[in-house]
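Please keep the sequence and the structure in view while reading.

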Amino acid sequence: MAVLAYSLGKRDINQYFSIKNAKLLSLVAVVLLLVLHTASRCYGGGDSCDWLLSSGRFLGENAWQPYGCMMHKYRSTEATTCLSEKRVAFVGDSRIRQLFYSFIKIIDPEQREDGIKHENIPFEDQTSLVNVDFLWYPEANNSMKERLTAWTEDPSTRPDVVVIGAATWSIKLHHGSSETLQQYRVNLTSISSPLETLALDGDVYWVLQDPVKEQALSDSRRMITNQQIDQYNEAAAGALNSSGRNGRVKLLAASRQAAALTIAQSADGLHLPEATRNVGAMVLMNAVCNKFLRPIDGSCCQPAAAPNLLQKLCAGMFLASGLAFLALHALGYSRHHKARLGPADVESGEEKKPDLGLAASGTTLALRAVCKMGVIMAYFYACDRADVFMKEQKFYTHSTFFIPLVYIFVLGVFYNENSKETKLLNREQTDEWKGWMQLVILIYHISGASAFIPVYMHVRVLVAAYLFQTGYGHFSFFWLKGDFGLYRLCQVLFRLNFLVLVLCVVMDRSYQFYYFVPLVSFWFVIIYSTLAVWPQILQKKANGSGMWYLGVLLKLLGLLLFICFFAYSQGFFESVFCVWPVSRLFELNGSVHEWWFRWKLDRFAVIHGMLFAFVYLVLQKCQVLSEGRGDALFSPRLSNLLLLLSVGAFIIYSVWASSCKNKTECNELHPYISVVQILAFILIRNIPGYARSIYSSFFAWFGKISLELFICQYHIWLAADTKGILVLLPGSPSFNIIISTFIFVCVAHEISLITNDLAQVVIPKDGASLLRRLGALGLGGLALLWATRGRLPSLGP
């Protein structure tokens with residue numbers, strides 16, 4: 001009965017919720033969200049500077065998240081670069097002095113709080129000529145006004161940034177009388193005029209008063225109550241935001257919000273814990289510096305960059321394609337179109353054949369695909385380049401990683417089906433493998449789990465496993481089919497690189513930024529070259545003479561020597577990949593160091609996959625393996641022994657990963673030991689006959705679009721080029737993840753279909769036509785690289 005209910009439940013879900021319906025829902029959701037966010041920014045106060053200064057929340061003990069934008073954590077070098085040859089003035093009482101010390105500690109982390117209380121405190125960084133002064137003015141009175149007026153009259157002494165605030169001394173000295181509050185309001189109204197003048201040429205921030213811990217205050221401060229603090233803050237906001245002043249003086253309220261959550265930790269009830277005042281200092285640094293340094297993970301106070309020439313040309317090309325398609329559609333050329341092909345698997349070499357029935361012309365098919373790609377790229381741009389949607393920082397907790405992990409594995413178990421074949425690493429199983437690995441990697445990225453070394457090391461094995469599959473799949477294809485034609489080569493490279501090349505232009509990023517695609521493309525070319533070079537050894541040829549098997553092993557040995565030579569000769573490696581035009585593909589921020597790191601980290605994974613494929617196919621040919629449905633792969637005794645060793649390998653690796661002290665040390669061992677985990681998984685998954693007979697259709701579905709999922713996450717699931725999280729529904733993190741994930745998966749699936757459609761049109765099977773297109777593409781690519789040789793996309797500090 002339970003089995004019947006389980007089967008009916010899956011059937012009902014599949015009947016009423018198809019991928020086509022899902023895409024329509026996602027399109028409606030995107031349109032609604034675009035309208036809502038645009039209206040909110042236009043009419044509801046969409047300035048990220050206001051968000052930064054006014055509100056936020058703690059993600060953890062000390063991690064502050066401003067509302068709707070990302071706050072960059074400034075380092076000393078960045079702070080001095082931003083504030084070089086500038087003057088910053090902190091004006092106020094002891095609370096402003098605390099903020100002053102936290103601010104200068106960003107510039108100089110070794111700075112000590114040894115200034116004399118109730119006096120002015122200067123600070124100067126001799127190297128960068130940064131001047132930051134604290135001026136003791138505990139009350140908003142005529143003395144403070146005279147200081148501000150003097151700055152307005154003498155531009156040579158005028159600070160570039162003024163941080164000012166005072167109230168508690170007025171409450172304390174006058175015992176919180178109502179007359180003092182009224183006088184405070186009058187004084188601030190008077191002071192607001194010079195503040196507005198200073199704000200014309202600089203930044204002026206009035207710091208609203210933080211709450212106090214009333215029960216911890218000394219007798220001399222008992223009259224300072226939170227009710228009084230609120231009244232004085234209302235007076236300040238009213239005086240400084242009065243009509244006609246355009247809000248040039250900004251109110252810093254975020255630190256007050258942070259203090260409300262941590263004031264209980266205050267030792268004297270008045271002054272904030274150091275971590276809380278550090279929040280205020282970092283908010284100020286972001287407000288002042290983000291517009292100059294433009295850090296990629298600091299979206300607060302940072303307007304969107306104007307599109308460059310290439311982006312404008314790309315938008316024009318998409319628009320022209322749309323108009324051309326509409327014209328052809330109006331003339332009736334697109335009445336019949338070919339059936340959509342499912343995503344092709346570029347790792348296994350299996351490609352779906354086009355329908356030989358009624359088909360649209362190649363031009364119409366290409367134009368329709370380009371139009372859809374243009375709409376999708378507009379969404380990419382809106383998510384991660386335009387000021388439309390919000391962004392937030394990542395923050396890792398064990399629950400944010402492991403709870404979603406449990407959810408997806410429950411779904412994976414729920415959706416299982418019988419395999420069409422029971423061979424080791426059959427098509428369904430490799431799709432399933434890529435699918436669950438990709439989902440784990442996605443959860444790893446959005447949860448910020450790279451901060452937790454044991455999880456980081458396990459995910460590194462998953463990346464190595466994907467490269468292992470690259471070696472396994474392509475070796476198997478070439479060994480069995482022997483198709484070394486140019487068409488096959490171009491098809492695979494097009495499917496791997498199409499989306500990334502479009503994103504390089506649309507998102508203004510270098511090719512190496514999407515590091516995994518260059519990595520997989522490089523290794524495919526290496527595999528192709530290794531096996532295509534004379535003598536080409538295929539299974540059919542090897543069956544005639546055992547000597548050909550030795551020839552394959554010699555080729556693999558040569559590849560291993562090639563890898564080792566490059567791995568232990570960093571200088572030679574960099575000299576090869578620093579040569580133009582190759583350097584334009586593999587440089588990131590003007591250096592190939594990132595490419596070197598990524599290549600070296602999993603340098604043996606591909607050859608491990610090739611060797612495993614060779615051994616497996618030889619054993620299969622010799623009929624050593626039992627691959628029948630329900631049969632164990634080996635004899636019972638050997639099967640049990642290998643299963644025991646595999647489980648032991650998993651446990652030992654997990655213990656070792658948990659004991660890692662830092663990533664650098666563990667990464668040194670990773671290339672040599674990751675294959676043990678991969679082989680252990682393959683044996684556990686394939687030795688029992690019942691395990692080979694079923695697979696998770698849920699994971700396999702995601703496995704078919706794993707490459708698109710990996711690339712698309714950069715901009716439409718994560719944000720700020722993977723540094724943050726895209727926020728479509730502010731104020732509701734759980735619903736936001738659900739909606740953004742739904743749209744993200746639908747987009748990735750559609751891109752896989754678009755890529756497949758364009759591959760059929762762009763890569764012709766006719767050799768002469770293909771060569772002509774490759775020649776034109778090569779010349780165009782070289783011209784583009786030459787035209788942009790002096791400009792590298794910046795990824796921020």
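How closely do the axes of helix α6 and helix α8 come to one another, and at roughly what angle do they cross? In this predicted model, the axis of α6, which covers residues 142-153, comes within 9 Å of the axis of α8, which covers residues 178-201, and the two cross at roughly 25°. Because angles under 35 degrees count as roughly parallel, α6 is described as roughly parallel to α8.

**The packing of α6 with α8**

- The crossing in which α6 passes α8 is left-handed.
- On the α6 side, the contact is made by Met 144, Lys 145, Leu 148, Thr 149, Trp 151 and Thr 152, and these meet Ser 190, Ile 191, Pro 194, Leu 195, Thr 197 and Leu 198 of α8.

- When the whole structure is searched, 4 cavities of 30 Å³ or more are found, and the second largest cavity holds about 150 Å³ of space.
- The lining of the second largest cavity is made up of 13 residues, and those that lie nearest its centre are Arg 95, Leu 99, Val 207, Asp 210 and Leu 272.
- Helices α5 (94-107) and α11 (274-293) each supply at least two residues of this lining, and α5 gives the most, with 4 residues.

Technical notes: Residues are numbered from 1 along each chain as its sequence is written. This is a predicted model: local features need pLDDT of at least 70, side-chain atom pairs count only at pLDDT 80 or more; totals for chains, interfaces and linings use all residues. Side-chain values use heavy atoms; hydrogens and water are left out. On a 1 Å grid over the protein atoms alone, a cavity is a set of points where a 1.4 Å probe fits but cannot get out, and a pocket is an open set with protein on both sides within 12 Å along at least five of seven lines; lining residues have an atom within 4 Å of a point. Grid points are joined across faces, edges and corners, and a volume is the space filled by probe spheres set on the points. Axes are lines fitted to C-alpha atoms, for helices over the stretch in contact, and angles run from 0 to 180 degrees between N-to-C directions. Angles under 35 degrees count as roughly parallel, over 145 as roughly antiparallel, 65 to 115 as roughly perpendicular and the rest as oblique. A crossing is left-handed if the near helix is turned anticlockwise from the far one by less than a right angle, and right-handed if clockwise. Contact means heavy atoms within 4.5 Å.
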